Amino acid sequence: MNQQSNFQYLDTPIGRLRLLSTGTHLTAIEFESRYSESAIEIERSDAALERAATQLQQYFAGRRKQFDLPLAPTGTDFQRRVWTALATIPWGELRSYSDIAQAIGKPTAMRAVGAANGRNPLPIVVPCHRVIGSNGTLTGFAGGLEMKRQLLELEGALGELPFGKNS
């Protein structure tokens, strides 16, 4: 990140997350195994981080199905289009990479959609965990497939998998 970032940690049922912000907008949510390192990050809370922490706690408690946060993810135009499409996937529902490619008007761009999905800096809030393979299998997730399974179980989405595949 080129600008100063504040961050704070949040303990959750899926592990410790690190939330990063500009002070006014949430910029990243990092899983413990994937914390980035930058000399300009400061462990200091702010209004954006507190709001994100509260909403994530509500999500993990099953009391929040949608996030209402000021977001500022960094990425290419294509990545941001994919992330915008991901944000429209309702709680407890699943989409395939093909579905997302169709939604952004690039029906043959499934691999590029997968790559953009994998670079999503705001997992959970921008629900990349709700994207599965077109054959109904759980596929890559920055936090690992077990964490993806836990998030989908929390949302009751595993019963929705086509062909009964969830591995």
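Analyst: Buried means under 20% relative accessible area, exposed is over 50%, and partly exposed is in between (1.4 Å probe, protein chains only). This is a predicted model, where local features need pLDDT of at least 70, side-chain atom pairs count only at pLDDT 80 or more, and totals for chains, interfaces and linings use all residues. Residues are numbered from 1 along each chain as its sequence is written, and side-chain values use heavy atoms, with hydrogens and water left out.

User: Which residues touch the most other members of the largest nonpolar core?

Analyst: That core has 34 residues. The ones that touch the most other members are Leu19, Leu86 and Ile124.

User: How many helices and strands does the protein chain have?

Analyst: Helices (H or I, at least four residues) and strands (E, at least two) are DSSP runs, numbered from the N terminus. From that end, the elements go β-β-β-β-α-α-β-α-α-β-α. That makes five helices and six strands.

User: How many residues of strand S2 are buried?

Analyst: S2 covers residues 15–21 and is mostly covered. It has partners too, where pairing takes at least two DSSP bridges between two strands. S2 runs antiparallel to strand S1 (residues 5–12), with seven bridges, and also pairs in the antiparallel sense with strand S3 (residues 26–31) over five bridges. As for burial in S2, the count is five of its seven residues.

User: Which residue in the turn between S2 and S3 has a positive phi?

Analyst: S2 and S3 form a hairpin with four residues between them, and Leu17 stands opposite Phe31 in S3. The phi in question is about 110 degrees, and the residue is Gly23.

User: Is Arg130 buried or exposed?

Analyst: Arg130 is in the loop between helix H4 (110–118) and strand S6 (131–132). Its contacts (heavy atoms within 4.5 Å) include Tyr59, Trp91 and Leu152, not counting residues up to four places away in sequence. Because its relative accessibility is 4%, Arg130 counts as buried.

User: Which side chain makes a polar contact with that of Arg130?

Analyst: A polar contact is a pair of N or O atoms within 3.5 Å; within protein, one must be able to donate a hydrogen and the other to accept it, and residues adjacent in sequence count only if both atoms are side-chain atoms. For Arg130, the polar contact is 2.8 Å, and the partner is Glu155.

User: How exposed is Phe78, as a relative accessible area?

Analyst: Phe78 lies in helix H2. Beyond four places in sequence, Phe78 touches residues including Ile104, Val113 and Ala116. Phe78 is partly exposed because its relative accessible area is 23%.

User: Where does pLDDT stay under 50?

Analyst: pLDDT is the predictor's confidence in each residue, from 0 to 100. The protein chain averages 88, and 86% of the residues score at least 70. The stretch where pLDDT stays under 50 is residues 163–167.

Note on methods: A nonpolar core is a set of buried Ala, Val, Leu, Ile, Met, Phe, Trp, Tyr and Cys residues joined through side-chain atoms within 4.5 Å.
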